[in-house]
Amino acid sequence: MVSRFSGIPVPKNKAVVGGNTFSHESGIHQDGVLKNPLTYEIITPELVGVKIPLGKLSGRHAFVEKLRELALDFTEEDIKPLFAKFKALADKKQEITDADTRALVAGTMVENPEGFHFDDLQLQTHADNDIEALVSLANMDGEKVEFNATGQGSVEAIFNAIDKFFNQSVRLVSYTINAVTDGIDAQDRVLITVENRDTETIFNAAGLDFDVLKASAIVYINANTFVQKENAGEMGRSVSYHDMPSV
């Protein structure tokens with residue numbers, strides 16, 4: 001309160017109330033604190049409004065506790081793939097915020113009926129100003145497929161390449177970009193709405209990545225997967241990113 005009204009921020013290394021006071025980033029330290037706070041602390045971080053941060057060295061125990069703290073829905077089977085995604089994210093960001101964690105759970109990739117998901121993206125600009133996109137998809141067996149296409153811009157080229165893979169009638173209704181967190185290392189979240197032309201069903205999807213173009217590829221694959229599942233009779237209702245935890 002004093003900091004807020006005075007306009008003077010509290011230094012992170014300030015004793016007791018500084019942001020780093022309870023920063024047990026090491027996995028073994030976090031595990032010990034979660035099992036018995038008195039292992040390293042004489043007072044609780046909640047007493048002074050500080051939370052244990054998640055980072056590169058955080059372990060599985062701390063990650064699962066954070067999911068529970070944020071009231072995110074997950075099963076025991078979800079923990080392993082979610083933790084793997086968390087570790088990959090932690091390699092790129094020094095500190096993982098609550099918004100990052102929510103986005104990580106909400107942005108879990110949807111796999112299409114053939115088991116393929118986004119793998120890689122390459123872009124090339126031609127002399128006539130057309131952009132060529134090469135989109136790679138892979139499945140759990142390591143099999144990869146690649147499709148390339150051109151467009152007036154990067155996103156159009158990416159979407160055209162993905163259309164070749166799915167080969168179905170989809171109309172893009174809306175495309176929105178926003179940042180999940182603040183700062184130069186923020187993740188980009190792309191939200192799109194598409195229409196299955198065959199059934200006129202509307203689907204919403206979300207894609208998440210540090211690279212907005214990769215996020216665009218991920219979200220368009222996810223949206224096409226929903227359409228493909230509906231066409232295959234595997235989906236009884238439209239699936240939307242609104243069904244996912246809020247970010």
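A71 is found in the loop between α3 (60-69) and α4 (76-90), where helices (H or I, at least four residues) and strands (E, at least two) are DSSP runs numbered from the N terminus. The model is predicted: local features need pLDDT of at least 70, side-chain atom pairs count only at pLDDT 80 or more, and totals for chains, interfaces and linings use all residues. Residues are numbered from 1 along each chain as its sequence is written, and side-chain values use heavy atoms, with hydrogens and water left out.

Most residues other than glycine have a negative phi. E200 is not a glycine either, and has a positive phi of about 65°. This second residue, E200, is in the loop between β7 (188-196) and β8 (201-209). A71 is exposed, with a relative accessible area of 61%, and E200 is exposed at 60%. Here buried means under 20% relative accessible area, exposed means over 50%, and partly exposed lies in between (1.4 Å probe, protein chains only).

**The α3 and α4 pair**

Two packed helices are described by the angle between their axes and the distance between the axes. The axes of α3 and α4 come within 11 Å and cross at roughly 105°. That makes α3 roughly perpendicular to α4. The axes are lines fitted to C-alpha atoms, for helices over the stretch in contact, and angles run from 0 to 180 degrees between N-to-C directions. Angles under 35 degrees count as roughly parallel, over 145 as roughly antiparallel, 65 to 115 as roughly perpendicular and the rest as oblique.

On the α3 side, R60, F63, V64 and L67 meet I79, K80, L82, F83 and F86 in α4; contact means heavy atoms within 4.5 Å. These residues divide into seven nonpolar, no polar and two charged. Ala, Val, Leu, Ile, Met, Phe, Trp, Tyr, Cys and Pro count as nonpolar, Asp, Glu, Lys and Arg as charged, and the others, Gly among them, as polar. The buried residues in α3 include F63, V64 and L67.

| Residue | Relative accessible area |
|---|---|
| T225 | 0%, buried |
| N196 | 0%, buried |
| S216 | 0%, buried |

A polar atom of the T225 side chain lies 2.8 Å from the backbone oxygen of I221. The side chain of S216 makes a polar contact with the side chain of Y175 at 2.7 Å. A polar contact is a pair of N or O atoms within 3.5 Å; within protein, one must be able to donate a hydrogen and the other to accept it, and residues adjacent in sequence count only if both atoms are side-chain atoms.

Leaving out residues up to four places away in sequence, S216 touches V155, F159, Y175 and V190. S216 and I158 are 58 residues apart in sequence and 8.0 Å apart in space, C-alpha to C-alpha. With the same exclusion of residues up to four places away, N196 touches S169, T201, F203, V227, E230 and N231.

**Whole chain**

The secondary structure comes to seven helices and eight strands. Of the 247 residues, 43% count as buried. Residues 24 or more positions apart account for 49% of the contacts with a separation of 6 or more.
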